[in-house]
Amino acid sequence: MKQREPLVKHIFTADPSAHVFNDKIYVYPSHDLAHDGEDDDEGGEYVMEDYHVLSLDNLDADCVDNGEALHMKDVPWVDKQMWAPDCVCKDGKYYLYFPARDHDGIFRIGVAVSDSPVGPFKADDSYIPGSKSIDPAVLIDDDGRAYLYNGGLWGGQLEKWMTGSFVKDPEEIPADAAALGPYVAELSDDMKTFKEDPVMVQILDENGEPIKAGDEDRRYFEGPWMHKYNGLYYLSYSTGTTHYIVYATGTDPKGPFTYRGRILEPVIGWTTHHSIVEYHGKWYLFYHDCELSGGINHRRTVKYTEMKYNPDGTIQTIFPYDK
Ligand code: FUB
């Protein structure tokens, strides 16, 4: 599979969460539908209804679409918009975490289980109690504890939960106030409930001050990912309106994290969403863009490229269209 080329072209795919299970690479993307609707600030154009798992036997192999793994018609609590998922393996079972709008129009996180990394997955009848907003990403730490990170502004409804309960039309956050961060919650041993209420992760600047809401080049927008490198926790995310993938590091999985720099410069298309995975001693960034569709924001395509660290642990910025 060539770097910086579409993994598959027969369907539109986005929001890739890549993992290595049993020495194979599995990618859990959203499945964009190629409708002709208009874009809006609530993400109404992202009308995804199901998930397909992609797999690669190795990085020289072709990418395989393993077919439909879960459809919203089989998930009682879901009304629409199955957005960016993630999947982890624990004790031989695969847990697919996915956001969708419930029948009240509120984004929640659901979980579905399979004995196979490619599904089919069987979803629980209800969403994870206490879950809200979008873009789940799960880290199973070296000590076996599992943490779910999630959240997204605008269509992802993160700012609607600022008071602790859902507010349809919240006040705007002042530019000089601390920006919102993603939520983190430890998962219970059953991987289907939170052990505790989700708390908001703090992202600090170089002076130890919270990144401000108006600092759109660095503040959290959506698409969290957590990985560990040399014992340090790396929280990476999209800055949304400024279209970067950036990262912050810390010594505790729940933060605080200190902003360190950019991983990916803007891609063609509005959204930018990624994951990071180690495979055979090298590190790879999976991401999407809209090059294949000629820039149509909701017709995205997953790609990957190698990602390199500097000796001091910083990450080299990737310019997605440089050869
Ligand atoms: O795919 C729908 C939404 O677009 C995702 O949840 C966001 O991260 C953005 O990529």
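**Hairpin, ligand shell and open sheet**

In the hairpin of β6 and β7, 2 residues lie between the strands, and Asp91 there takes a positive phi near 50°. The model is predicted: local features need pLDDT of at least 70, side-chain atom pairs count only at pLDDT 80 or more, and totals for chains, interfaces and linings use all residues. Residues are numbered from 1 along each chain as its sequence is written, and side-chain values use heavy atoms, with hydrogens and water left out.

Strands are DSSP runs (E, at least two residues), numbered from the N terminus. Two strands pair if DSSP finds at least two bridges between them. Strand β6 spans residues 86-90. Strand β7 covers residues 93-102 and runs antiparallel to β6, joined by 5 bridges. Val88 stands opposite Tyr95 in β7. Of the 5 residues of β6, 4 are buried (under 20% relative accessible area, 1.4 Å probe, protein chains only).

A polar side-chain atom of Asp135 lies 2.5 Å from a ligand oxygen atom. For His273, the distance from a polar side-chain atom to an oxygen atom of the ligand is 2.7 Å. For Arg300, it is also 2.7 Å. Taken alone, the ligand exposes 280 Å², and the protein buries 99% of that (Shrake-Rupley method, 1.4 Å probe).

Ser30 lies in strand β2, residues 24-32. Ser30 counts as buried because its relative accessibility is 0%. Its side chain makes a polar contact of 2.6 Å with the side chain of Asp15 (N or O atoms within 3.5 Å, one able to donate a hydrogen and the other to accept it; residues adjacent in sequence count only if both atoms are side-chain atoms). Beyond its neighbours within four places in sequence, Ser30 is in contact (heavy atoms within 4.5 Å) with residues including Phe12, Asp15, Met48, Trp83 and Ala84.

An open sheet is formed by 4 strands in the order β10-β11-β12-β13, with antiparallel pairing. Its edge strands, β10 (137-140) and β13 (199-200), each pair on one side only. Strands β11 (residues 146-150) and β12 (residues 183-186) pair over 4 bridges. Asn150 stands opposite Tyr183 in β12.

How values were computed: Buried < 20%, exposed > 50% of the residue type's maximum accessible area, 1.4 Å probe, protein only.
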